[in-house]
Each structure stands twice: as C-alpha cells, then as structure tokens.
Amino acid sequence: MDIQGFETFKNQFRIADTDTKISMYVEAEDLTHGQYKELLQLFPLKDLQRLEAALG
C-alpha cells in the first residue's frame, strides 16, 4: 500500500474499536511487513490473543 493510503488506513485503525481493528488487520491487502508491524504497535496488547485467533 502506498504511503498516503497507509497513513489514512493507520489513522482509521488507531481510532477503531478492538473488533474493528481485528477485522481491518485480517482483511488488509497489499501491506508491507513494516506496515503490519506499525499496526501491531497500535493494537491493545491485552487483546493480542484475539487477533492471533482471528489470523489462525
């Protein structure tokens, strides 16, 4: 995803609730490894198991 598109996506991700963040993360397309890492930094650590389950 290009830089401008990713910044928009990241801002939406930042303000989303946890369920929406999980959906956005799982359904995201064309993100680089670094972009996925940036999103993980914004994800609540206490809900990380829920994200892992959704990805598994």
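Phe-9, Gln-12, Phe-13 and Arg-14 in helix 1 meet Lys-21, Met-24 and Tyr-25 in helix 2, where contact means heavy atoms within 4.5 Å. By class, this contact of helix 1 with helix 2 has four nonpolar, one polar and two charged residues. Here Ala, Val, Leu, Ile, Met, Phe, Trp, Tyr, Cys and Pro count as nonpolar, Asp, Glu, Lys and Arg as charged, and the others, Gly among them, as polar.

The model is predicted: local features need pLDDT of at least 70 and side-chain atom pairs count only at pLDDT 80 or more, while totals for chains, interfaces and linings use all residues. Residues are numbered from 1 along each chain as its sequence is written, and side-chain values use heavy atoms, with hydrogens and water left out.

**Helix packing**

Helices (H or I, at least four residues) and strands (E, at least two) are DSSP runs, numbered from the N terminus. The axes of helix 1 and helix 2 (residues 18–27) come within 8 Å and cross at roughly 150°. Helix 1 is therefore roughly antiparallel to helix 2. The axes of helix 1 (residues 3–15) and helix 3 (residues 33–41) come within 10 Å and cross at roughly 25°, so helix 1 is roughly parallel to helix 3.

Axes are lines fitted to C-alpha atoms, for helices over the stretch in contact, and angles run from 0 to 180 degrees between N-to-C directions. Angles under 35 degrees count as roughly parallel, over 145 as roughly antiparallel, 65 to 115 as roughly perpendicular and the rest as oblique.

The crossing of helix 1 and helix 3 is right-handed, meaning that the near helix is turned clockwise from the far one by less than a right angle. On the helix 1 side, Phe-6, Phe-9, Lys-10 and Phe-13 meet Gln-35, Glu-38 and Leu-39 of helix 3. The residues of this contact of helix 1 with helix 3 divide into four nonpolar, one polar and two charged.

**Lys-10 and Glu-38**

What joins the side chains of Lys-10 and Glu-38? A polar contact of 2.9 Å does. Such a contact is a pair of N or O atoms within 3.5 Å; within protein, one must be able to donate a hydrogen and the other to accept it, and residues adjacent in sequence count only if both atoms are side-chain atoms.

Lys-10 is found in helix 1, and Glu-38 has its place in helix 3. Leaving aside neighbours within four places in sequence, Lys-10 is in contact with Glu-38, Leu-39 and Leu-42, and Glu-38 is in contact with Phe-6 and Lys-10. The C-alpha atoms of Lys-10 and Gln-35 are separated by 8.8 Å, although these residues are 25 residues apart along the chain. Glu-38 and Thr-8 are 30 residues apart in sequence and 13 Å apart in space, C-alpha to C-alpha.

**Loop residues and accessibility**

Asp-47 lies in the loop between helix 3 and helix 4 (48–55). Its side chain makes a polar contact with the side chain of Thr-18 (3.3 Å).

Asp-30 lies in the loop between helix 2 and helix 3. Most residues other than glycine have a negative phi. Asp-30 is not a glycine, yet has a positive phi of about 65°.

The table gives accessibility by residue. Buried means under 20% relative accessible area, exposed over 50%, partly exposed in between (1.4 Å probe, protein chains only).

| Residue | Relative accessible area | Class |
|---|---|---|
| Asp-47 | 11% | buried |
| Lys-10 | 12% | buried |
| Glu-38 | 30% | partly exposed |
| Asp-30 | 63% | exposed |
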